[in-house]
Number of protein chains: 2
Amino acid sequence: MVLKQGGKADIVAVARAAKVSASTVSRSFNHPELVNPATRKKIDRAVRRLGYIRNRAAQSMHGRRSGTVGLVVPTIDHAIFAELVQSFSEELESEGFTILMTSHGYDLEREYAVVRKLLEHRVDGVALIGLDHSEETYLLMEQQELPVIAIWNYDADARVSCVGAQNFRAGQMAAEHLLGLGHRKIGLIFPDMVGNDRSRDRMEGAKFTLQNEGVTVPQEWQRVSPYSVAQAKAVCADLLTQDQVPTALLCGNDVIAQGCIFAAQKAGVAVPDRLSVVGIGDFKGSKEMEPALSTVRIPARTIGVQAAALIVRLISGDQPETIRQDVPLQLMQRASTARFMKR
Amino acid sequence: MVLKQGGKADIVAVARAAKVSASTVSRSFNHPELVNPATRKKIDRAVRRLGYIRNRAAQSMHGRRSGTVGLVVPTIDHAIFAELVQSFSEELESEGFTILMTSHGYDLEREYAVVRKLLEHRVDGVALIGLDHSEETYLLMEQQELPVIAIWNYDADARVSCVGAQNFRAGQMAAEHLLGLGHRKIGLIFPDMVGNDRSRDRMEGAKFTLQNEGVTVPQEWQRVSPYSVAQAKAVCADLLTQDQVPTALLCGNDVIAQGCIFAAQKAGVAVPDRLSVVGIGDFKGSKEMEPALSTVRIPARTIGVQAAALIVRLISGDQPETIRQDVPLQLMQRASTARFMKR
DNA sequence: AATAGTATTGCAAATGTTTTCATAAAATGG
DNA sequence: CCATTTTATGAAAACATTTGCAATACTATT
């Protein structure tokens, strides 16, 4: 077994132990076909004996790629990003990359700082969430000629390559669904929109469709809630105490929708009989809850996998132009929405 | 603004532009107090003008720390790890570290491989989840004298530093809670235990306490379900079709417990009136669901923050011996459990 | 004004690899 | 068995930094 005691065997130590030159050891790693099988065996043995581990830092100094991809998320602590991050990183790992992950908590200043830090680490590429980034960040990435990909949103005019869905459309679909069920008294619960283009686009899509059908949403039925079951539940509970309550709620995402359903259950308002609730996202668990949540499905896994494939192409240089991939949405009608019945 | 066109300014380009030597530029970054303020200003200007970004790879070749910490998780795609990962990485980022994150999907072979890869990247330290790791992995980390920390479990005999809770105790507390409410007919739903010491310990703790009180759990009431609402719901639904059903369910974690509650709701079994359900974990949302979930709270944020602080000390060398931190559990009695009523 | 410090800077070596080029050894072909 | 090609290896330069040491310039002290 491995006998090294210092943990600091370098390539020349291995070379010495195998009685060859460092060049040969290096070659045996990077171009094994160029070295004699017998020599390779000797080297392998030496490597094992010394517990040698290659130094990527030294490698990447030679213009070699670092084998890392930076992933910048607002936060991981959301069902939705967790699923995305998981599929994205799984896919990239299978390509031999390692993920350098950082979060910025929806702060675009910090986002700039973390991208800079990723550049110090000489990542081969960077993935960001959404398309809302500071001018400084965009400039930085352009100057450094860094392969970049924006995940989650699709925009035909995006400044960088992107793969994602149309959030505006998601908002529309949710609205169309409620309208199609005969609802006219509709409440809107969305998170704050600063630094969050996803939320903004969804809301605008919803409002656009509603207005087109002549439905206006009174101020009291438009509420702001972060992506948190707890807070959404509180916000919705308050909404339900009004004199006039809507017959349907259109929520910025599934977490908010869940909060609303719990609030309704607690207040004794039957879902969907007296209140329909529709979400956006289709997170893990949305389908299983009682009542199962109607929602606009954004296929996080698909997006993650496609995004990974795309950044790999961008990094390898196989994909010189920026490319924008639109991932289709799907309305999942389930048990939390029903046709509006006059009573 | 930045005018560089190649994106490849190095320290000597900066030196030239500032009319000083490369050494001085380097020093102005690493030991600013040693360089004349006026010179520093010149250098700063040159850095900005050229869009220079330091190369950590080259730095870390000099025995300098890489400024990265490896984080190895089974999967991120779980409420519970998401919360942990978030607090851990936030805390480490505030100390100037960047996280290299990898997942292995509960496969200890892959875990070994990813730890190796992290070593290639010369991480300053590594954090793993739990204490169940292959001998090979432990050996590797010891030989390389890598600062290591195991998160999530506490064990007085742990081979490496750890911060976490006692999962055995968590199982006990959940069992004591049900027993205390008068339940004797108790079902157990836990995930598969291979490569998952958390689950194993919890189950053993639960069984230990039940047996001590003379309660035995028939085979039909012991079910295996992964950490997934969907699957837990299905497993529980099946359990509820038996002739004999338990009056209480003790679940391996909150996700499983949620699945069980949904299954009960669907089957028209009132929770907690006819069936009590207790979970382990206290994930985000558990408190808000209807009925609010009774559970044994494992303080993920606290653990993440403490773990980050500990690995920093380990890396800086301020903490030579291995240290084991026990984070206390707390029973959260909420609405999903109730006293057993004869009927 | 000579001496001793002190502050500031540059030179050169070192870090762990990869790669180009040159060389030696072996294989092939007549 | 010699000439030519192929295969295998090593020497040295290159990569982007940091740092120990030496040199210089300046300041304070007598």
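**Fold and DNA contacts**

Modeller: Start with the count: chain A holds 12 helices and 12 strands. Bear in mind that this is a predicted model.

Colleague: Why is chain A described as more spread out than a compact globule?

Modeller: For 343 residues the globule rule gives 20 Å. The C-alpha trace spans about 90 × 40 × 30 Å along its principal axes.

Colleague: What percentage of the residues of chain A count as buried?

Modeller: A residue counts as buried when 20 or more other C-beta atoms lie within 10 Å of its own. Of the 343 residues in chain A, the share that passes is 54%.

Colleague: Which element gives the largest share of the surface near DNA strand C?

Modeller: DNA strand C is surrounded by 26 residues, with A:Ile11, A:Ser23, A:Ser26, B:Ser21 and B:Ser23 the closest. Elements giving two or more residues are α1 (11–18), α2 (22–30) and α4 (56–60) of chain A, plus α2 (22–30) of chain B. The largest share is 6 residues, and it comes from α2(A).

Colleague: And which element gives the most to the surface near DNA strand D?

Modeller: Nearest among the 26 residues there are A:Ser21, B:Ile11, B:Ser23, B:Ser26 and B:Asn55. Two or more residues come from each of α2 of chain A and α1 (11–18), α2 and α4 (56–60) of chain B. The top contributor, with 6 residues, is α2(B).

Colleague: Which are the edge strands of the open sheet in chain A?

Modeller: The sheet has 6 strands in mixed pairing, ordered β7-β6-β8-β9-β10-β12. An edge strand pairs on one side only. In chain A, that picks out β7 (222–224) and β12 (330–332).

Colleague: Within that sheet, which residue of β9(A) is the bridge partner of A:Ala248?

Modeller: Strands β8 (residues 248–251) and β9 (residues 276–281) of chain A run parallel, joined by 3 bridges. The partner of A:Ala248 in β9(A) is A:Ser276.

Colleague: At what angle does helix α11 of chain A run to β9(A)?

Modeller: Helix α11 covers residues 254–267 of chain A. It lies across β6, β8, β9 and β10 (294–297) of chain A. Its angle to β9(A) is about 160 degrees.

Notes. Residues numbered from 1 in each chain as written. Chains lettered and ligands numbered in written order. Predicted model: local features only at pLDDT ≥ 70, side-chain atom pairs only at ≥ 80, totals over all residues. Helix = DSSP H or I, 4+ residues; strand = E, 2+ residues; numbered from the N terminus. Rg over C-alpha atoms; globule rule 2.2 N^0.38 Å. Buried ≥ 20, exposed ≤ 12 C-beta atoms within 10 Å, placed from the backbone. Near = placed C-beta within 6 Å. Pairing = 2+ DSSP bridges. Contact = placed C-beta atoms within 7 Å. Axes fitted to C-alpha atoms, helices over the stretch in contact; angles between N-to-C directions.
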